[in-house]
Amino acid sequence: MNPTLREDADQIVRQSIQSVLPDEAVRKALKEFKPGTGKTLLVATGKAAWQMAKAAVDVLAKVDGGIVITKYDHVMGEIPGVECCEAGHPVPDENSFQSTRKALDMVKNLTAEDRVIFLLSGGGSALFESPLIPGEELQDVTRQLLASGADIVEMNTLRKRLSSVKGGKFAQACAPAKVLSIVLSDILGDPLDMIASGPAYPDRSTCEEAKAVVNKYSIRLSKEAEELLEIETPKSLDNVETHINGSVRELCNAAAKAAQELGYEPILLTDQLCCEAREAGSVLASILKTHAGGDRALAFLAGGETVVHLTGHGLGGRNQELALAAAPGIAGIDGAAVFSVGSDGTDGPCDAAGGYVDGTTVESLRAHGLDVAEVLKTNDAYHALQTVGGLIVTGPTGTNVNDVAVALIRN
């Protein structure tokens, strides 16, 4: 491993994530907040829910009730007046269902003088869920979608129809109370009806589109679930004001600034990355091969969210798979590295945020009897990268604005 390149990668990761923490954006959105003469309640869900809720309560001084629903190990302490719950992600579990029922109970029978501050970040599709089908079936549908290679928009188009809170239904449950929705985006283009499946935003997707997802990926559904695909979601809501306060573009800009401070010339390739993780890794490696041997230090950046088509039963996530897939292409190139990281600090069902490889990775893996192609077949990037010191571990970050992949070349 090239220690200088790895240090550069770690610094870029640290600085870029620090720059997109939601605290200041939440404070800004709440400056114009006007409480009603009734209660002010807070509901926060998603991977960044705790951080967003903490910032909101710091601004408001107090709330009349509140709940945080976030991923396991993402609660970082108590928040006055707010119950903090942890639940399953990326597959919802019983804690997801119970916590969401608490939120629904809290907003029952509100009046037009009450206010609900709804803080939403990526991951809410699993964490904020009250299914209209048995929980076990919803878990099975989620696993099928995750394994199919479906993108997040396709997944959420289907999941909205199977839920009593997604697709604008939570805002309906709050009515006639006004809802101030503050959203941290984790989807390309910031489609508000798709982020965490849009619990407080009118749904633009249709029943026909949901059926098309089922057919495209051969998703198995019960008759009860199939019948729900015939029921349309809310297309207008008159009790919601929405602010979007973070996106992958800001993450890419922050990574570019950090790279520039380290002496690289940053080049933004895209902030709309949406392909197979392996393909993205291969393309980034090809770009580095083109520029190897030159006299410039370059940092190529790609932000977005790739997908993984599961073919094995290993451990890892899309960022680790992207990095590992780049390793053969840069093998033996001095001064070349590729790394990819999830801004939320998690990548798949493991403790890593992403992965790092450089020109020495393939040789190091071979020394341990590991072949990149075979590892990718089993989707076991985590253990392979762990073996050669290629995991990026940040812990939960408190934000969630997609992923950023960086390819460095320093000759």
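Tutor: In strand β8, Gly304 is the bridge partner of Leu273. Helices (H or I, at least four residues) and strands (E, at least two) are DSSP runs numbered from the N terminus. The model is predicted, so local features need pLDDT of at least 70 and side-chain atom pairs count only at pLDDT 80 or more, while totals for chains, interfaces and linings use all residues. Residues are numbered from 1 along each chain as its sequence is written, and side-chain values use heavy atoms, with hydrogens and water left out.

Strand β7 (residues 265–273) runs parallel to β8, and six bridges join the two; strands pair if DSSP finds at least two bridges between them. Strand β12 (residues 403–409) is antiparallel to β8, to which seven bridges join it. Within β12, Leu408 stands opposite Ala299.

Leu298, Phe300, Ala302 and Gly304 point one way from β8, whereas Ala299, Leu301 and Gly303 point the other way, and all are buried (under 20% relative accessible area with a 1.4 Å probe, protein chains only; exposed is over 50%, partly exposed in between). Because seven of the seven residues of β8 (residues 298–304) are buried, the strand is largely enclosed by the rest of the structure.

Strand β12 also figures in the setting of helix α1, where it is among the elements that cover the buried residues, along with α11 (248–261), β9 (336–342), β10 (354–358) and β11 (391–392); contact means heavy atoms within 4.5 Å. The buried residues of α1 are Leu5, Arg6, Asp8, Ala9, Ile12, Val13, Ser16 and Ile17. They cover an arc of only 160° around the axis, which puts them on the same side of α1; the arc is that of the directions from the helix axis to the C-beta atoms. An α-helix has 3.6 residues a turn, so residues three or four places apart point the same way. On the other side of α1, Pro3, Glu7, Arg14 and Gln18 are exposed.

The length of α1 (residues 3–19) can be checked too: at 1.5 Å a residue its 17 residues should span 24 Å, and its end C-alpha atoms are 24 Å apart, which agrees. The expected span is 1.5 Å times one less than the number of residues.
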